[in-house]
Amino acid sequence: MEEKSNFKQALGGRVEAHLKEASDNTWPAIKTLFYRQTIAVVNSFSSALSSFKMDEQEKGDMISKLKDYGRGVVEGKAREATGKVKYLMKDRFEFIFCYDDDSMPRDWTENHDIQAMAKAALSSSLKLLSVLAAIRLDGESDRIWNTLKQGTTTSPHLLASSAWEEDPEMKKTLITPVQCKSFWDQFKQETEKIITQAISIQYIVAYGFQKGNMKKKKIRKHVVTTSKVVAGTACVVGIVSTVAAATATGNVAVAVGVAAAGGAAVGVVVAGALVVVAAHTALASLKNMARGV
(Lines give C-alpha, C1' and ligand atoms only; values in the text may rest on other atoms or scores of the structure.)
Protein backbone atom coordinates (compact mmCIF):
# COMPACT_ATOMS: atom_id res chain seq x y z
CA MET A 1 0.00 0.00 0.00
CA GLU A 2 1.43 3.36 -1.05
CA GLU A 3 0.13 5.12 2.07
CA LYS A 4 2.11 2.75 4.32
CA SER A 5 5.26 3.35 2.31
CA ASN A 6 4.76 7.11 2.60
CA PHE A 7 4.11 6.78 6.32
CA LYS A 8 7.29 4.80 6.88
CA GLN A 9 9.39 7.16 4.79
CA ALA A 10 8.02 10.25 6.53
CA LEU A 11 8.53 8.88 10.04
CA GLY A 12 11.45 6.44 10.00
CA GLY A 13 14.55 8.57 9.58
CA ARG A 14 13.28 11.55 11.56
CA VAL A 15 12.16 9.43 14.51
CA GLU A 16 15.56 7.73 14.53
CA ALA A 17 17.31 11.12 14.58
CA HIS A 18 15.15 12.35 17.49
CA LEU A 19 15.88 9.21 19.50
CA LYS A 20 19.62 9.54 18.94
CA GLU A 21 19.48 13.15 20.14
CA ALA A 22 17.73 11.93 23.33
CA SER A 23 16.79 15.06 25.24
CA ASP A 24 13.80 16.29 27.23
CA ASN A 25 12.21 17.31 23.94
CA THR A 26 12.64 13.96 22.18
CA TRP A 27 9.26 12.35 22.83
CA PRO A 28 7.23 15.59 22.51
CA ALA A 29 8.92 16.15 19.13
CA ILE A 30 8.22 12.57 18.02
CA LYS A 31 4.60 12.89 19.16
CA THR A 32 4.15 16.11 17.15
CA LEU A 33 5.77 14.54 14.10
CA PHE A 34 3.62 11.41 14.40
CA TYR A 35 0.30 13.24 14.63
CA ARG A 36 1.20 15.67 11.87
CA GLN A 37 2.15 12.88 9.50
CA THR A 38 -0.88 10.81 10.55
CA ILE A 39 -3.25 13.63 9.63
CA ALA A 40 -1.55 14.11 6.26
CA VAL A 41 -1.56 10.41 5.36
CA VAL A 42 -5.11 9.79 6.61
CA ASN A 43 -6.46 12.77 4.67
CA SER A 44 -4.78 11.53 1.50
CA PHE A 45 -6.05 7.99 2.10
CA SER A 46 -9.59 9.18 2.81
CA SER A 47 -9.64 11.11 -0.45
CA ALA A 48 -8.54 8.00 -2.33
CA LEU A 49 -11.26 5.92 -0.63
CA SER A 50 -13.99 8.37 -1.58
CA SER A 51 -13.91 7.05 -5.12
CA PHE A 52 -14.87 3.57 -3.92
CA LYS A 53 -18.25 2.40 -2.69
CA MET A 54 -17.88 1.17 0.88
CA ASP A 55 -19.69 1.73 4.14
CA GLU A 56 -18.31 4.02 6.83
CA GLN A 57 -17.47 1.13 9.14
CA GLU A 58 -15.19 -0.48 6.58
CA LYS A 59 -13.55 2.84 5.76
CA GLY A 60 -13.04 3.54 9.46
CA ASP A 61 -11.41 0.15 10.00
CA MET A 62 -8.96 0.76 7.17
CA ILE A 63 -8.04 4.20 8.51
CA SER A 64 -7.61 2.76 12.01
CA LYS A 65 -5.24 0.08 10.68
CA LEU A 66 -3.24 2.77 8.87
CA LYS A 67 -2.88 4.75 12.10
CA ASP A 68 -1.78 1.59 13.93
CA TYR A 69 0.82 1.00 11.23
CA GLY A 70 2.26 4.49 11.76
CA ARG A 71 2.44 3.93 15.50
CA GLY A 72 4.17 0.63 14.81
CA VAL A 73 6.82 2.43 12.76
CA VAL A 74 7.58 4.76 15.67
CA GLU A 75 7.67 1.97 18.24
CA GLY A 76 9.80 -0.16 15.95
CA LYS A 77 12.40 2.61 15.66
CA ALA A 78 12.38 2.99 19.43
CA ARG A 79 13.03 -0.72 19.89
CA GLU A 80 15.85 -0.59 17.34
CA ALA A 81 17.49 2.25 19.27
CA THR A 82 17.05 0.33 22.53
CA GLY A 83 18.99 -2.56 21.03
CA LYS A 84 21.93 -0.18 20.53
CA VAL A 85 21.56 1.73 23.79
CA LYS A 86 24.95 0.73 25.24
CA TYR A 87 26.72 1.80 22.05
CA LEU A 88 24.76 5.07 21.92
CA MET A 89 25.55 5.86 25.56
CA LYS A 90 29.26 5.26 25.07
CA ASP A 91 29.30 7.24 21.83
CA ARG A 92 27.63 10.19 23.56
CA PHE A 93 30.01 10.05 26.51
CA GLU A 94 33.07 10.01 24.28
CA PHE A 95 31.81 12.87 22.14
CA ILE A 96 31.12 15.13 25.13
CA PHE A 97 34.17 14.12 27.18
CA CYS A 98 36.81 13.76 24.46
CA TYR A 99 35.80 16.63 22.15
CA ASP A 100 35.35 20.35 22.69
CA ASP A 101 32.52 22.60 21.51
CA ASP A 102 34.12 22.85 18.08
CA SER A 103 34.22 19.04 17.76
CA MET A 104 38.00 19.08 18.08
CA PRO A 105 39.86 16.55 20.28
CA ARG A 106 40.50 17.95 23.74
CA ASP A 107 44.02 18.73 24.89
CA TRP A 108 44.44 17.46 28.42
CA THR A 109 46.40 20.37 29.86
CA GLU A 110 45.99 21.28 33.53
CA ASN A 111 43.41 23.99 32.86
CA HIS A 112 40.75 21.32 32.15
CA ASP A 113 38.41 20.30 34.96
CA ILE A 114 38.26 16.64 34.03
CA GLN A 115 35.89 15.65 36.83
CA ALA A 116 33.35 18.32 35.82
CA MET A 117 33.53 17.26 32.17
CA ALA A 118 33.13 13.61 33.15
CA LYS A 119 30.09 14.46 35.28
CA ALA A 120 28.46 16.29 32.38
CA ALA A 121 29.18 13.45 29.95
CA LEU A 122 27.85 10.82 32.36
CA SER A 123 24.68 12.81 33.02
CA SER A 124 24.01 13.18 29.31
CA SER A 125 24.47 9.44 28.79
CA LEU A 126 22.07 8.68 31.63
CA LYS A 127 19.54 11.03 30.03
CA LEU A 128 19.80 9.01 26.83
CA LEU A 129 19.11 5.82 28.80
CA SER A 130 16.03 7.38 30.38
CA VAL A 131 14.66 8.53 27.02
CA LEU A 132 14.97 5.03 25.55
CA ALA A 133 13.62 3.25 28.64
CA ALA A 134 9.96 3.63 27.59
CA ILE A 135 7.67 4.73 24.76
CA ARG A 136 5.94 8.05 25.45
CA LEU A 137 3.97 8.52 22.26
CA ASP A 138 0.78 9.47 24.09
CA GLY A 139 2.47 12.34 25.89
CA GLU A 140 2.07 11.05 29.43
CA SER A 141 4.61 12.18 32.01
CA ASP A 142 6.68 9.82 34.15
CA ARG A 143 9.42 9.82 36.79
CA ILE A 144 11.86 7.53 34.99
CA TRP A 145 14.55 10.22 34.71
CA ASN A 146 14.35 11.08 38.43
CA THR A 147 14.27 7.41 39.35
CA LEU A 148 17.40 6.75 37.30
CA LYS A 149 19.25 9.70 38.83
CA GLN A 150 18.47 8.50 42.36
CA GLY A 151 18.86 4.82 41.54
CA THR A 152 22.36 5.26 40.11
CA THR A 153 23.55 7.36 43.07
CA THR A 154 21.92 7.38 46.50
CA SER A 155 19.03 4.91 46.18
CA PRO A 156 20.04 1.82 44.16
CA HIS A 157 17.02 -0.10 45.49
CA LEU A 158 14.80 1.97 43.19
CA LEU A 159 16.23 0.05 40.23
CA ALA A 160 15.71 -3.40 41.71
CA SER A 161 12.25 -3.69 40.15
CA SER A 162 11.36 -5.43 36.90
CA ALA A 163 8.81 -2.73 35.98
CA TRP A 164 8.50 1.04 36.16
CA GLU A 165 5.96 2.44 38.60
CA GLU A 166 4.08 4.16 35.74
CA ASP A 167 3.89 0.99 33.62
CA PRO A 168 3.30 -2.05 35.85
CA GLU A 169 2.00 -4.11 32.92
CA MET A 170 5.07 -3.16 30.85
CA LYS A 171 3.04 -2.19 27.80
CA LYS A 172 5.29 0.77 27.04
CA THR A 173 8.51 -0.34 28.72
CA LEU A 174 11.55 -0.84 26.52
CA ILE A 175 14.21 -1.20 29.25
CA THR A 176 13.25 -2.31 32.76
CA PRO A 177 14.70 -0.67 35.91
CA VAL A 178 16.88 -3.68 36.70
CA GLN A 179 18.18 -3.73 33.12
CA CYS A 180 18.98 -0.02 33.36
CA LYS A 181 21.00 -0.71 36.52
CA SER A 182 22.94 -3.47 34.78
CA PHE A 183 23.63 -1.33 31.71
CA TRP A 184 24.73 1.60 33.86
CA ASP A 185 27.10 -0.41 36.04
CA GLN A 186 28.82 -1.83 32.97
CA PHE A 187 28.91 1.59 31.34
CA LYS A 188 30.51 3.18 34.43
CA GLN A 189 33.25 0.55 34.49
CA GLU A 190 34.11 1.18 30.84
CA THR A 191 34.06 4.99 31.04
CA GLU A 192 36.06 5.01 34.26
CA LYS A 193 39.05 3.79 32.25
CA ILE A 194 38.73 6.76 29.90
CA ILE A 195 38.44 9.24 32.78
CA THR A 196 41.39 7.75 34.67
CA GLN A 197 43.51 7.84 31.53
CA ALA A 198 42.81 11.55 31.00
CA ILE A 199 43.62 12.36 34.64
CA SER A 200 46.87 10.37 34.48
CA ILE A 201 48.09 12.12 31.35
CA GLN A 202 47.12 15.54 32.70
CA TYR A 203 49.02 14.91 35.92
CA ILE A 204 52.12 13.60 34.21
CA VAL A 205 52.24 16.54 31.84
CA ALA A 206 51.78 19.04 34.70
CA TYR A 207 54.62 17.64 36.83
CA GLY A 208 58.05 16.42 35.79
CA PHE A 209 59.56 13.07 36.76
CA GLN A 210 62.98 12.86 38.39
CA LYS A 211 64.66 9.60 39.37
CA GLY A 212 61.39 7.74 39.46
CA ASN A 213 59.73 10.19 41.87
CA MET A 214 57.30 13.01 41.13
CA LYS A 215 59.04 16.35 41.36
CA LYS A 216 56.90 19.45 41.80
CA LYS A 217 58.43 21.36 38.98
CA LYS A 218 56.09 22.97 36.51
CA ILE A 219 57.07 22.27 32.94
CA ARG A 220 55.97 23.76 29.70
CA LYS A 221 52.36 22.82 28.91
CA HIS A 222 52.55 20.13 26.30
CA VAL A 223 49.46 19.59 24.25
CA VAL A 224 48.01 16.16 24.86
CA THR A 225 45.56 15.54 22.07
CA THR A 226 42.92 12.86 22.41
CA SER A 227 41.20 11.35 19.44
CA LYS A 228 38.15 9.06 19.46
CA VAL A 229 38.31 6.74 22.44
CA VAL A 230 36.62 3.42 21.75
CA ALA A 231 35.49 0.90 24.38
CA GLY A 232 37.44 2.67 27.13
CA THR A 233 40.92 2.24 25.59
CA ALA A 234 43.48 5.00 25.75
CA CYS A 235 43.95 7.33 22.83
CA VAL A 236 47.23 6.20 21.32
CA VAL A 237 47.39 9.27 19.07
CA GLY A 238 47.21 11.53 22.11
CA ILE A 239 49.88 9.58 23.98
CA VAL A 240 52.25 9.53 21.02
CA SER A 241 51.80 13.26 20.43
CA THR A 242 52.61 13.92 24.08
CA VAL A 243 55.69 11.71 23.94
CA ALA A 244 56.84 13.50 20.80
CA ALA A 245 56.27 16.94 22.33
CA ALA A 246 58.12 16.05 25.52
CA THR A 247 61.12 14.43 23.83
CA ALA A 248 61.40 17.29 21.35
CA THR A 249 62.06 19.68 24.25
CA GLY A 250 64.34 17.33 26.14
CA ASN A 251 61.84 16.27 28.82
CA VAL A 252 62.90 12.64 28.69
CA ALA A 253 61.38 11.58 32.02
CA VAL A 254 58.01 13.11 31.16
CA ALA A 255 57.99 11.36 27.79
CA VAL A 256 58.73 8.00 29.36
CA GLY A 257 56.22 8.61 32.13
CA VAL A 258 53.40 9.48 29.72
CA ALA A 259 54.27 6.53 27.53
CA ALA A 260 54.17 4.14 30.47
CA ALA A 261 50.96 5.49 32.01
CA GLY A 262 49.20 5.83 28.70
CA GLY A 263 50.40 2.54 27.34
CA ALA A 264 49.26 0.74 30.48
CA ALA A 265 45.68 1.49 29.49
CA VAL A 266 46.06 -0.18 26.12
CA GLY A 267 48.26 -3.09 27.08
CA VAL A 268 51.74 -4.04 28.19
CA VAL A 269 53.02 -4.52 24.65
CA VAL A 270 51.93 -1.04 23.59
CA ALA A 271 53.29 0.46 26.80
CA GLY A 272 56.65 -1.14 26.17
CA ALA A 273 56.69 0.01 22.57
CA LEU A 274 55.90 3.60 23.55
CA VAL A 275 58.61 3.62 26.20
CA VAL A 276 61.13 2.30 23.69
CA VAL A 277 60.10 4.98 21.18
CA ALA A 278 60.35 7.68 23.84
CA ALA A 279 63.74 6.47 25.03
CA HIS A 280 65.09 6.17 21.49
CA THR A 281 63.87 9.64 20.53
CA ALA A 282 65.18 11.12 23.78
CA LEU A 283 68.63 9.53 23.25
CA ALA A 284 68.80 10.96 19.76
CA SER A 285 67.84 14.39 21.11
CA LEU A 286 70.54 14.22 23.80
CA LYS A 287 73.16 13.22 21.24
CA ASN A 288 72.18 16.16 19.02
CA MET A 289 72.36 18.55 21.97
CA ALA A 290 75.78 17.18 22.88
CA ARG A 291 76.95 17.87 19.34
CA GLY A 292 75.57 21.39 19.58
CA VAL A 293 72.93 20.69 16.93
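Start at the largest pocket, where α2 gives the biggest share of the lining, four residues. This is a predicted model, in which local features need pLDDT of at least 70, side-chain atom pairs count only at pLDDT 80 or more, and totals for chains, interfaces and linings use all residues. Residues are numbered from 1 along each chain as its sequence is written, and side-chain values use heavy atoms, with hydrogens and water left out.

Select α2 (26–49) and α5 (114–131): each supplies at least two residues of that lining. Helices here are DSSP runs of H or I with at least four residues, numbered from the N terminus. The pocket holds about 270 Å³ of space, a volume filled by probe spheres set on grid points joined across faces, edges and corners. A pocket is an open set of points on a 1 Å grid over the protein atoms alone, where a 1.4 Å probe fits, with protein on both sides within 12 Å along at least five of seven lines; lining residues have an atom within 4 Å of a point.

Next, show S23, D24, W27, P28 and R136, the closest to the pocket's centre of its 14 lining residues.

Now move to α1 (residues 2–21) and α3 (residues 56–83), whose axes come within 9 Å and cross at roughly 30°. Axes are lines fitted to C-alpha atoms over the stretch in contact, with angles from 0 to 180 degrees between N-to-C directions. That makes α1 roughly parallel to α3, a term for angles under 35 degrees.

Finally, select F7 and L11 in α1, which are among the residues meeting α3, where Y69 and V73 are among the partners; contact means heavy atoms within 4.5 Å.

Definitions and conventions
Angles under 35 degrees count as roughly parallel, over 145 as roughly antiparallel, 65 to 115 as roughly perpendicular and the rest as oblique.
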